[in-house]
Amino acid sequence: MKIDWSALGSVFGASLVFTVGLVALFTLGINGLARREKAAAEGGSATLAVTGAYLCFAACAAAVSYGIFLIVSKS
(Lines give C-alpha, C1' and ligand atoms only; values in the text may rest on other atoms or scores of the structure.)
Protein backbone atom coordinates (compact mmCIF):
# COMPACT_ATOMS: atom_id res chain seq x y z
CA MET A 1 0.00 0.00 0.00
CA LYS A 2 1.41 3.36 -1.03
CA ILE A 3 0.27 6.59 0.59
CA ASP A 4 0.38 9.78 -1.45
CA TRP A 5 1.66 12.06 1.32
CA SER A 6 1.41 15.25 -0.73
CA ALA A 7 -2.28 14.61 -1.45
CA LEU A 8 -2.90 13.78 2.20
CA GLY A 9 -1.11 16.95 3.26
CA SER A 10 -3.08 19.09 0.84
CA VAL A 11 -6.38 17.63 2.07
CA PHE A 12 -5.29 18.24 5.66
CA GLY A 13 -4.29 21.83 4.87
CA ALA A 14 -7.52 22.61 3.03
CA SER A 15 -9.60 21.06 5.81
CA LEU A 16 -7.74 23.05 8.43
CA VAL A 17 -8.12 26.36 6.57
CA PHE A 18 -11.82 25.89 5.88
CA THR A 19 -12.56 24.70 9.42
CA VAL A 20 -10.79 27.66 11.00
CA GLY A 21 -12.51 30.01 8.55
CA LEU A 22 -15.94 28.58 9.31
CA VAL A 23 -15.38 28.81 13.06
CA ALA A 24 -14.17 32.41 12.68
CA LEU A 25 -17.25 33.28 10.62
CA PHE A 26 -19.55 31.77 13.24
CA THR A 27 -17.67 33.65 15.95
CA LEU A 28 -18.25 36.91 14.10
CA GLY A 29 -21.96 36.09 14.02
CA ILE A 30 -22.02 35.46 17.77
CA ASN A 31 -20.11 38.71 18.31
CA GLY A 32 -22.69 40.61 16.24
CA LEU A 33 -25.52 39.25 18.35
CA ALA A 34 -23.63 40.16 21.52
CA ARG A 35 -23.32 43.73 20.24
CA ARG A 36 -27.09 43.77 19.77
CA GLU A 37 -27.56 42.75 23.40
CA LYS A 38 -25.12 45.43 24.55
CA ALA A 39 -26.81 48.10 22.41
CA ALA A 40 -30.25 47.09 23.73
CA ALA A 41 -29.00 47.38 27.30
CA GLU A 42 -27.70 50.88 26.57
CA GLY A 43 -30.88 51.90 24.76
CA GLY A 44 -29.31 52.02 21.31
CA SER A 45 -29.67 50.12 18.07
CA ALA A 46 -27.19 47.77 16.42
CA THR A 47 -28.87 47.13 13.08
CA LEU A 48 -25.61 46.77 11.16
CA ALA A 49 -24.20 44.30 13.70
CA VAL A 50 -27.34 42.17 13.59
CA THR A 51 -27.43 42.20 9.79
CA GLY A 52 -23.78 41.17 9.71
CA ALA A 53 -24.46 38.42 12.24
CA TYR A 54 -27.30 37.01 10.15
CA LEU A 55 -25.12 37.14 7.04
CA CYS A 56 -22.36 35.26 8.87
CA PHE A 57 -24.83 32.59 10.01
CA ALA A 58 -26.25 32.32 6.49
CA ALA A 59 -22.74 31.87 5.07
CA CYS A 60 -22.04 29.16 7.66
CA ALA A 61 -25.28 27.37 6.78
CA ALA A 62 -24.47 27.64 3.07
CA ALA A 63 -20.97 26.21 3.59
CA VAL A 64 -22.28 23.29 5.65
CA SER A 65 -25.07 22.64 3.14
CA TYR A 66 -22.59 22.67 0.27
CA GLY A 67 -20.35 20.22 2.12
CA ILE A 68 -23.28 17.88 2.72
CA PHE A 69 -24.25 18.21 -0.95
CA LEU A 70 -20.72 17.24 -2.01
CA ILE A 71 -20.74 14.21 0.27
CA VAL A 72 -24.18 13.02 -0.82
CA SER A 73 -23.57 13.55 -4.53
CA LYS A 74 -20.49 11.28 -4.44
CA SER A 75 -22.40 8.28 -3.15
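**View 1. M1 counts as exposed, at 98% relative accessibility.** Here "exposed" means over 50% relative accessible area, "buried" means under 20%, and "partly exposed" is in between, using a 1.4 Å probe and protein chains only. M1 is found in the segment before helix α1. Together with I3, W5 and L8, M1 forms a nonpolar patch on the surface, and the four have about 560 Å² of accessible area together. A patch takes residues with over 30% relative accessible area and no salt bridge; nonpolar side chains (Val, Leu, Ile, Met, Phe, Trp, Tyr) are joined within 5 Å, and like charges within 9 Å. The areas come from the Shrake-Rupley method with a 1.4 Å probe, and for residues only the protein chains shown count as cover.

A quick note before going on: this is a predicted model, where local features need pLDDT of at least 70, side-chain atom pairs count only at pLDDT 80 or more, and totals for chains, interfaces and linings use all residues. Residues are numbered from 1 along each chain as its sequence is written, and side-chain values use heavy atoms, with hydrogens and water left out.

**View 2. The whole chain has two helices and zero strands.** Helices (H or I, at least four residues) and strands (E, at least two) are DSSP runs, numbered from the N terminus. Along its principal axes, the C-alpha trace spans about 65 × 25 × 15 Å. The radius of gyration is 18 Å, whereas a compact globule of 75 residues would have one near 11 Å. That radius is taken over C-alpha atoms, and the globule rule is 2.2 Å times the number of residues to the power 0.38. The chain exposes about 5,900 Å², and carbon and sulfur atoms supply 73% of that.

**View 3. F26 and F57 form a tilted aromatic pair, 5.2 Å centre to centre with 55° between the planes.** Rings of Phe, Tyr and Trp (its six-membered ring) pair if their centres lie within 6.5 Å; planes under 30 degrees apart count as stacked, over 60 as edge-to-face, and the rest as tilted. What does this pair tie together? F26 lies in helix α1 (residues 5–41) and F57 in helix α2 (residues 47–74), so the pair links parts that are 31 residues apart in sequence. F26 is partly exposed at 43% relative accessible area, and F57 is partly exposed too, at 21%. The structure holds two aromatic pairs, this one among them.

**View 4. R36 forms a salt bridge with E37.** The closest N and O atoms are 3.4 Å apart. To count, a side-chain nitrogen of Lys or Arg must be within 4 Å of a carboxyl oxygen of Asp or Glu. A search of the whole structure finds one salt bridge. R36 is partly exposed, with a relative accessible area of 33%.

**View 5. C56 and C60 are both cysteines, but the structure has zero disulfides.** A disulfide needs a pair of cysteine sulfur atoms within 2.5 Å. C56 is buried at 12% relative accessibility, and C60 is buried at 8%.

**View 6. L55 sits in helix α2.** L55 counts as exposed, at 58% relative accessibility. From C-alpha to C-alpha, L55 and G13 are 26 Å apart in space, and they are 42 residues apart in sequence.
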